[in-house]
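Please look at the sequence and the structure before reading on.

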There are 2 protein chains.
Amino acid sequence: MLKKAPERENRRMVDTGGVDALISHASPWLSLRHKTGIVISSRVRLARNVRGHFFPGWAGEAERVRICQEIKEACYSLERLPQPLYFDMGTLDHVDKEVLKERRLISNELAQRGTGSAVMASADERIAIMINEEDHLRLQAILPGMNLAEAWTLIDGIDSEMESYLEYEFSQKLGYVTACPSNLGTALRASVMLHLPGLKLADEVGPVINGLERIGFAVRGVEGEGTEAHGNLFQVSNQMSLGETEADIIERLVQVVSEIERHEENARLRLLESRRAFLLDQIGRALGILLYARVLASREALDLLSGVRLGIELGLVRNVDVGTVNELLLLTQPGHLQRLSGQKLSAEERDELRAQVIGQRLKGAGLKGA
Amino acid sequence: MLKKAPERENRRMVDTGGVDALISHASPWLSLRHKTGIVISSRVRLARNVRGHFFPGWAGEAERVRICQEIKEACYSLERLPQPLYFDMGTLDHVDKEVLKERRLISNELAQRGTGSAVMASADERIAIMINEEDHLRLQAILPGMNLAEAWTLIDGIDSEMESYLEYEFSQKLGYVTACPSNLGTALRASVMLHLPGLKLADEVGPVINGLERIGFAVRGVEGEGTEAHGNLFQVSNQMSLGETEADIIERLVQVVSEIERHEENARLRLLESRRAFLLDQIGRALGILLYARVLASREALDLLSGVRLGIELGLVRNVDVGTVNELLLLTQPGHLQRLSGQKLSAEERDELRAQVIGQRLKGAGLKGA
C-alpha cells in the first residue's frame, strides 16, 4: 500500500542502457582503492513486505507488476537514492542477470524471476533494492572491508525513508512479516565475506566453521546458500533475526568476525614462521599458473587468485596489488567475461578468455626476491 | 682368465678425484648441443664373463677383487678407451653412486655392491664398463638421439679389443655365457629412451606399449626395470638376446622406434590442430609452475620438464632450448643436486634447491606470442 504519492515525480528516471554502465568499473564492495584484508566486504539486508498485497510467491503476475510499480515509484522518491539504476527481470537477458548476480546486486532467486520483479541500485552499487524476490522488498547495503556498522546505518536510512512512502506489514509480536518465517523479527541478515587462506592451508577451517555454527552463525561459500567455498572465501551471517535488536545482531557479528580475523592472522604468522617454503611455493604456483595457463575454469581461478591475494597481503608478491586481484575476481566471472567480449561464449571459450584476461593483468608479477 | 699382460703398463692411471669431474658438464647422451627429438638417447650393452672365475654373485670377496683387478688392467690397455675414469664401489659414498646412476654410468644393482665391483668409463661417458655387476663385465655405449647403429659399432669395437686381453666364457650352442639365462646368446641389450608426451596427452601410450610387448620388446620407465614412466620418458629394449644376430636385434629396434616416432609425431600434429588451447595450456602450466614453484619433487619436475620440452620442439616456447631442459633433467636429480650444493641434503632441502635451480635456468622463458 502506497502511503503517499512520490514527491518528486518530475525526477528524471535514468535509463541505464542495460548493464553496460556497470561493467566498466569494479563493484564498490571490491573497490580497487580500498585496502581490503581478511574481510572482503560487509553486507546488511532487510526483508520488507508492503501491506495489502500477497507475498510475491502467491501474487499473480498482474499484482506483482502493480507492486513492482508502486515500489519503483517509492524508490525514485528517495533522497538517499539519487538517480538509481533500474533493471527489470522481465526484459534482462541471461548474461545481464549473471552480471548483476556477480556484482551481488541480485540473488539467484531474483534472477530466476521475470516480469514484475526488478532491482533498483544506487549508481555506486552500495545500495540495492530487490523488488518481488521472496519478499516484496529486499533492501541491501554492501561495503568493502569490515564496515558492518556503516552498512547498517546506510540501509537503516533507506528503510526509514522508504517507510514514508510504503506501509510495511508489521506485527507487534513478530516484527516485520516475511514470506519465510526464518526472517521474522528484525528481518535483518548481516553478513561478511571473509578470505581465509591461512586457516585453509593450516587445515583449520573446519573447526572454525563448526564453532561459528554452534553459536548461531551460518557459514557458506561465496556463491551463496549450499555452495562450496571456492577461493577460500566464506560468508558468515546471523542465522536468526528474531529476539535480538538490529544493533545486537550487528554487534555480535562484529565481535565474532574480529575473532576469526585473529585466528586467520595467527595461522598466517605460523605459516610464515614454520612453513615458509611451503607457503611461498603455494603462492608461487598460484601465480605461475595464472600467468601461464591458457585455459582457466572459474573455480580454479578463484582458488589461484586467493593464493596471490595472500601473497600480496603478506608482502611476498611484487608488481601486483589487491585492487587488481579484486578486479579480476569480478571481471573473470562468466557474465562479466561475456559482457566484456560482447558475445555469448561457451564454457570452453570463457575458460580461454579468462586465462587471457588474467595473464594480461598479472603480467610482470612475481615472488619478491625471485 | 687374463690372456696376456697389458701392453702399456706404463700408461698413466688417472685419478678422477671422485665424481666431481663429471658434475661440471652434462652427460653426452644428454648433450647440450645435440638436438634430441623424440629419441633422447640410444644405448647398447653387452654382458660378458671371464673364463675361469665364478659369476660375481657366487664369487667370494677375494675372488671378486682379483677379477676386478684383472678387468681393470685390461681396460687400461684398451686403445679405444684412453685415460678412462675409474670408480670403485667399495670406496664411493652414497651420493657419488647416485650421481653415477643418474648419469647412467652404473646400474642400481652395481650401486648396491661394494669392494670388488667398479666401473670404468671413457672421459666423454659414451663408454661405461661395469665390473662385477651381475656379470663380470657389462660393456655399454650410450649416445644422444637415435644412434643405435653407432652405439653398436662403438661397443663392438671395445668388446673386440677387450677379447685380446680377456678370455670370455663362450659356448658354441648358447653364445656368451651369462649369470642370468635371459641374457644368453648375443648377451646384447639395445635400448632407446623415448619422449612420448604427445601419445600421453592423446591417451594412446597404453596401446603402443601393449603392441611393443606383443612383438618382443620391453617398455620401462626411465628409472629402469619395474619403474613407472615419469616425464613421459620410456625405455624400449629387446626382450630376447638369443636366436638373432646382433645386427638383427639392432635393426628390428631401429625399425620399431621409427614406427613409434611416427605415432608420436602424428599425435602431436593432431593436438596442434584440434586441441591447440589444451596443448598450449598444458605447456604453459608446466612452464609457469617450473618458474614460480619453490618446492619441486623429482618426479613432478620430470613431468613438467616434459611439457616444456614438448613446447620447445613444437616451436611454442621461447627463450629456452632443449639443451637447457636436458641439462636440468640431469642436474636436478638427487645425487647431482647434493653434489652441486656440496652437502648432503634432506628430501625437503633437495626439493627447494631443485625449484631454485630450475627457476634460475628457465628465467625469461615463456609461451610464444604471450
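Predicted model: local features only at pLDDT ≥ 70, side-chain atom pairs only at ≥ 80, totals over all residues.

Residues are numbered from 1 along each chain as its sequence is written, chains are lettered from A and ligands numbered from 1 in the order in which they are written, and side-chain values use heavy atoms, with hydrogens and water left out.

**Domains of chain A**

The domain assignment divides chain A into domain 1 (14-267) and domain 2 (275-367), with bounds that come from an automatic or database domain assignment. The contact between them, meaning heavy atoms within 4.5 Å, takes 27 residues from domain 1 of chain A and 26 residues from domain 2 of chain A. Taken over C-alpha atoms, the centres of these two domains are 26 Å apart. About 2400 Å² is buried between domain 1 and domain 2 of chain A, and carbon and sulfur atoms give 60% of that area; buried area is the accessible area (1.4 Å probe) that two parts lose on being put together, summed over both. Across this domain interface the rule finds 1 salt bridge, the term standing for a side-chain nitrogen of Lys or Arg within 4 Å of a carboxyl oxygen of Asp or Glu.

**Cavities**

A cavity is a set of points, on a 1 Å grid over the protein atoms alone, where a 1.4 Å probe fits but cannot get out, and its lining residues have an atom within 4 Å of a point. Grid points are joined across faces, edges and corners, and a volume is the space filled by probe spheres set on the points. By this rule there are 2 cavities of 30 Å³ or more.

The largest cavity has a volume of about 50 Å³, and its lining includes A:Leu196, A:Ile209 and A:Phe234. By class this lining has 9 nonpolar, no polar and no charged residues, where Ala, Val, Leu, Ile, Met, Phe, Trp, Tyr, Cys and Pro count as nonpolar, Asp, Glu, Lys and Arg as charged, and the others, Gly among them, as polar. Helices (H or I, at least four residues) and strands (E, at least two) are DSSP runs, numbered from the N terminus; in these terms α7 (205-214) and β10 (233-238) of chain A each supply at least two lining residues, and α7(A) gives the largest share, 4 residues.

The second largest cavity holds about 40 Å³ of space, and among the residues that line it are A:His195, A:Ser306 and A:Arg309. Its lining has 5 nonpolar, 3 polar and 1 charged residues, with the largest share, 4 residues, coming from α10(A). Domain 1 (14-267) and domain 2 (275-367) of chain A both give residues to this lining, so the second largest cavity lies between them.

**Chain contact and salt bridges**

Chain B places 22 residues in contact with 22 residues of chain A. On the chain B side, B:Arg285, B:Tyr292 and B:Arg294 lose the most area to chain A, together 43% of what that side buries. The two chains bury about 1700 Å² between them, 57% of it on carbon and sulfur atoms, and 2 salt bridges are found across their interface.

Over all chains the count comes to 42 salt bridges, and the table gives some of them.

| Residue pair | N to O distance |
|---|---|
| A:Arg285 and B:Glu300 | 2.7 Å |
| A:Asp96 and A:Arg339 | 2.5 Å |
| A:Arg262 and A:Glu259 | 3.0 Å |

A:Arg262 and A:Glu259 are separated by about one helical turn, because they stand 3 residues apart in helix α8 (residues 246-274) of chain A.

Conventions:
1 Å grid on protein atoms, 1.4 Å probe; cavity = no way out; pocket = protein on both sides within 12 Å on 5 of 7 lines; lining within 4 Å.
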